[in-house]
Amino acid sequence: FFRALCLCHTVQVKDDDSVDGLKKNQLSRRSCIYISSSPDEVALVEGIQRLGYTYLRLKDNFMEILNQENNRFELLEVLSFDSVRRRMSVIVKSSTGDIFLFCKGADSSIFPRVKEGKIDQIRSRVERNAVEGLRTLCVAYKKLTAEEYSNAQKLLQNAKLALQDREKKLAEVYEKIERDFILLGATAVEDRLQEKAADTIEALQKAGIKVWVLTGDKMETAAATCYACKLFRRNTQILELTTKKIEEQSLHDVLFDLSKTVLRHSGSLTRDTFSGLSTDMQDYGLIIDGAALSLIMKPRQDGSSSNYRELFLEICRNCSAVLCCRMAPLQKAQIVKLIKLSKEHPITLAIGDGANDVSMILEAHVGIGIIGKEGRQAARNSDYAIPKFKHLKKMLLVHGHFYYVRISELVQYFFYKNVCFIFPQFLYQFFCGFSQQTLYDTAYLTLYNISFTSLPILLYGLMEQHVSADTLKREPSLYRDVAKNALLRWRAFIYWTFLGVFDAVVFFFGAYFLFENTIVTSNGQMFGNWTFGTLVFTVLVFTVTLKLALDTHYWTWINHFMIWGSLVFYIIFSLLWGGIIWPFLNYQRMYYVFMQMLSSGPAWLGIILLITVSLLPDVLKKVLCRQLWPTATERIQNASRHCQEHISEFTPLACLKSPRYRSSDCSSSPARRSNSHSKKMMFTHWRGVDYSVLPSVFGYSNKHCRSSAGYHYSGSGLETSV
Amino acid sequence: QIDYTGTDPSSPCNKCLNVSWDSTPPCTCTINFTLEHSFESNVFMYYGLSNFYQNHRRYVKSRDDSQLNGDNSSLLNPSKECEPYRTNEDKPIAPCGAIANSMFNDTLELYRIDNDTRIPITLIKKGIAWWTDKNVKFRNPTGDGNNLTALFQGTTKPVNWPKPVYMLDSEPDNNGFINEDFIVWMRTAALPTFRKLYRLIERKDNLQPTLQAGKYSLEIAYNYPVHSFDGRKRMILSTISWMGGKNPFLGIAYITVGSICFFLGVVLLIIHHKYGNRNTSADIPN
């Protein structure tokens, strides 16, 4: 057994003698390090080393083992690992001339090929290991005669040199060679969860992101891991769609049973309230097998496979977490594709750390690779690479949230300011005989988007933090406010466009009525069309910049500099542009226009009035919506504005008993706003020694509830309360 | 404000309605009007035009600012923008362009009727254009001698003008390009209904109003035909304060916006009080 473990691997040895400073392996008395593409193999070889069998090196095709005596085995063939047959073998010749075939692999691929050995004992041991969450492998061997070996060698040679269908031929040869084993034993490797993995998954679920686990492990191992990382909680009802169940009933029946179970409880809930943490009576977790998945995905002649897919997706939509085990890498990509093409077209993100995750990373919308022990394959193929799984939380909840808010505001603001810019020109055509006379001077036309209004929004897009980063990390549910592309929906776009049109109309007609048939100077002289246009333009630049100032939550010195600096730059530019007879210009129409405009009292009054009137609807909307229908983000912003620091949250112990509330106590939930939350929180503000209790930010309001669903506090999240 | 286009057959200027720009002798008409209240302080006299698109794109670009600035090379070679009013019979036009060509050339005179005697009212024609326009932007072509006729040698008058540019006024500092009426006209108006400053009536002394209430008569030398494009002409007398002329818009707008803001302030205060307190009650279940 030990010999098998010592030989059947693809581990390389690195001698440690050129490291400056301490030798890495101080604890072990050997000075060699094992490296391999799979950390499991390294773990096994190191484990065997501690039991006395040390693998020394591979020299000249000879593998050397240090036991009580030095043994040398000639390495004849390596039948390398592949994820389809899930095993690997080596053929070695010992110094006594015996030819052995050692094989190591997943239990599902070894057990069918074993013909003797302590099969039942080992099988039960393997299952017990799996339930504890350990990764299991089985080891077997076979003794080959010289004749058998030469046959095998010839077949292998042919297959390796084949020009067509090499993969298939190799697979066939492997199949022929790896048979009739004698079972040696089983190994178990503990794959520890990364730190804070559970915390991250919980945060993602609270943020409304559905988390699915796709793994190649056995079902028991994977299920144990999921319990450990809090994907399944204690009161999650687990539904199984595994091969075992399908053997008992047909696929059809299983699917229908499951869908009935999940849909029974979710009929009264509106669909888009929760995709993760749900407050309804029961939340479900689904476990599905790789084989079951291939059955579901297999196209049937009678065309009912699409129904199966739809049904499967329906079940998945109502489960809070899904675990897919025994997945081949291509199946992982298949599932991602299935989700991508499902009805709501969600945005998918795949995160993995091994080479078997590469296809899934490539398939998803966003692929993230973890630079870890299993090499850099995943990181190389991904869109983003992070060193640890826990970094995903900050990446999505803080940086992703920030970037989304910034980009959506950037896009909307650009359209808004250009509508404000051009619409007065359009309106002017009605008054100039439709002759395409511009309202503004060409210098203003050119520089508007380049210098007068570009820097503030650029800075906003780089630096805006509508809520502080700490708050975002602490409150993952704030992410729901930007779910489903909320800030770039039609409604938001139409609001911005309406604002732009309203502002443009105010600018133009305000100036029009100011100028129409009146004199606005104190010496009776009259203004021309360029002065008119300059007035409109001045109001325009000030309004759009002040609108951005109203939208900015995070003021730093550089914000102030950019915003007020842009305005000052505009004024200085206008003064300079009109102050000199520029020789290179072939028209002097702007000469002294700006200064003349500023010398007239009504022009000043008009500018102030028009700026105020254009900004009024936006301010009104903001204030009203914040007071009457605040979103969670806005509540946090209000709370944090009142107390800058020292906010800590408590869950009052009283609510841990999960009382059942009737419908009169819950708030109505029209989609995003006024969400009810399952965790009751209280914010307290530490003021020196004493503390005072702040209003509950997420508290239940005493609003009248219209739906007939009953809500109750589920016990979820108890682990994080005080 | 007196409209003197003369479309109405009963108007005294009806006979001048279809006059052309170069008819001699110029058609004159007289309109009598009454001032209800006397006008204190400086009074400004404007002429106003309607339906006249001085802001048409082709019209606005049809000028040569360097020629008007006194550049000698542009004087004899005006820019292409002035087409088709650039040259006339192979001689360059000074000032070129459609804006200059359509200069307003009615003459308005004001008389006070005091018991059958007509007392002319002194109209001042200086100070009606922007100071920077008259002194910096518009300059006569440079050369030796004060004889403007010689300086404008080689150019011809615009097509629709009765007199060439160097004969616009006898005074040398209001002649040529720096004639104030010309400068005022060259500043294109923003809207199709506009008014331009024509003359000033200065305040005599603090005791008497500048224009007493009573009967007045306006004598018009009707040279400028507007009937062909349904335009209208009028004369406006106005006093000016620091805020400009009569302009109800600003006052009404401020009052409206102010009252809306006040109203909204009250409403939002109520809402804030009512709904802001919603969050302050601690909802601790028992």
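A:Asp357 is buried, with 7% relative accessible area, where buried denotes under 20% relative accessible area, exposed over 50% and partly exposed the range in between, computed with a 1.4 Å probe on protein chains only. The structure is a predicted model, in which local features need pLDDT of at least 70 and side-chain atom pairs count only at pLDDT 80 or more, whereas totals for chains, interfaces and linings use all residues. Residues are numbered from 1 along each chain as its sequence is written, chains are lettered from A and ligands numbered from 1 in the order in which they are written, and side-chain values use heavy atoms, with hydrogens and water left out.

A:Asp357 belongs to the loop between strand E15 and helix H14 of chain A; helices (H or I, at least four residues) and strands (E, at least two) are DSSP runs numbered from the N terminus. Leaving aside residues up to four places away in sequence, A:Asp357 touches A:Lys332 and A:Gly352, a contact being heavy atoms within 4.5 Å. The UniProt annotation "binding site", from an unreviewed entry, covers A:Asp353 and A:Asp357. UniProt positions follow the numbering used here, feature names are shortened, and annotations may be inferred rather than shown by experiment. A:Asp353 is also placed in the loop between strand E15 (349–352) and helix H14 (358–363) of chain A. With a relative accessibility of 28%, A:Asp353 counts as partly exposed. Its contacts, again without residues up to four places away in sequence, are A:Ile370, A:Glu374, A:Gly375 and A:Ala378.

Chain A as a whole contains 25 helices and 22 strands. Of its 722 residues, 51% count as buried. Among contacts in chain A with a separation of 6 or more, 70% are accounted for by residues 24 or more positions apart. A further UniProt annotation from an unreviewed entry, "coiled-coil region", covers residues 149–176 of chain A.

The interface of chains A and B was examined next. Contacts involve 62 residues of chain A and 55 residues of chain B. The two chains bury about 5,200 Å² between them, with 64% of this area on carbon and sulfur atoms; buried area is the accessible area (1.4 Å probe) that two parts lose on being put together, summed over both. A:Asn517, A:Met526 and A:Gln627 supply 13% of the area that chain A buries against chain B, more than any other three residues. The elements that give two or more residues to the side of chain A touching chain B are helices H20 (490–515), H21 (529–551), H23 (593–598) and H24 (601–628) of chain A. H24(A) provides the largest share of this side, with 13 residues. By class, the side of chain A that touches chain B has 34 nonpolar, 23 polar and 5 charged residues, with Ala, Val, Leu, Ile, Met, Phe, Trp, Tyr, Cys and Pro counted as nonpolar, Asp, Glu, Lys and Arg as charged, and the others, Gly among them, as polar.

Across this interface, 13 residue pairs are in polar contact, both residues being at pLDDT 80 or more. A polar contact is a pair of N or O atoms within 3.5 Å; within protein, one must be able to donate a hydrogen and the other to accept it, and residues adjacent in sequence count only if both atoms are side-chain atoms. Between chain A and chain B there are 0 salt bridges, a salt bridge being a side-chain nitrogen of Lys or Arg within 4 Å of a carboxyl oxygen of Asp or Glu.

Over all chains, the count comes to 32 salt bridges. In chain A, A:Asp551 pairs with A:Lys547, with the closest N and O atoms 3.0 Å apart. Both residues lie in helix H21 of chain A, 4 residues apart, about one turn of the helix. A:Asp551 is buried at 7% relative accessibility, and A:Lys547 is buried at 2%. A salt bridge also joins A:Lys218 and A:Glu220 (3.9 Å, N to O); A:Lys218 is buried at 13% relative accessibility, whereas A:Glu220 is partly exposed at 26%.

In chain B, B:Asp106 forms a salt bridge with B:Lys233, the closest N and O atoms being 2.6 Å apart. B:Asp106 lies in the loop between helix H4 (98–101) and strand E6 (107–114) of chain B and B:Lys233 in strand E10 (residues 232–239), so the pair ties together parts that are 127 residues apart in sequence. B:Asp106 is buried, with a relative accessible area of 3%, and B:Lys233 is buried at 0%. In chain A, salt bridges with shared partners join A:Arg85, A:Arg87, A:Arg113, A:Glu175 and A:Glu178 into one network.
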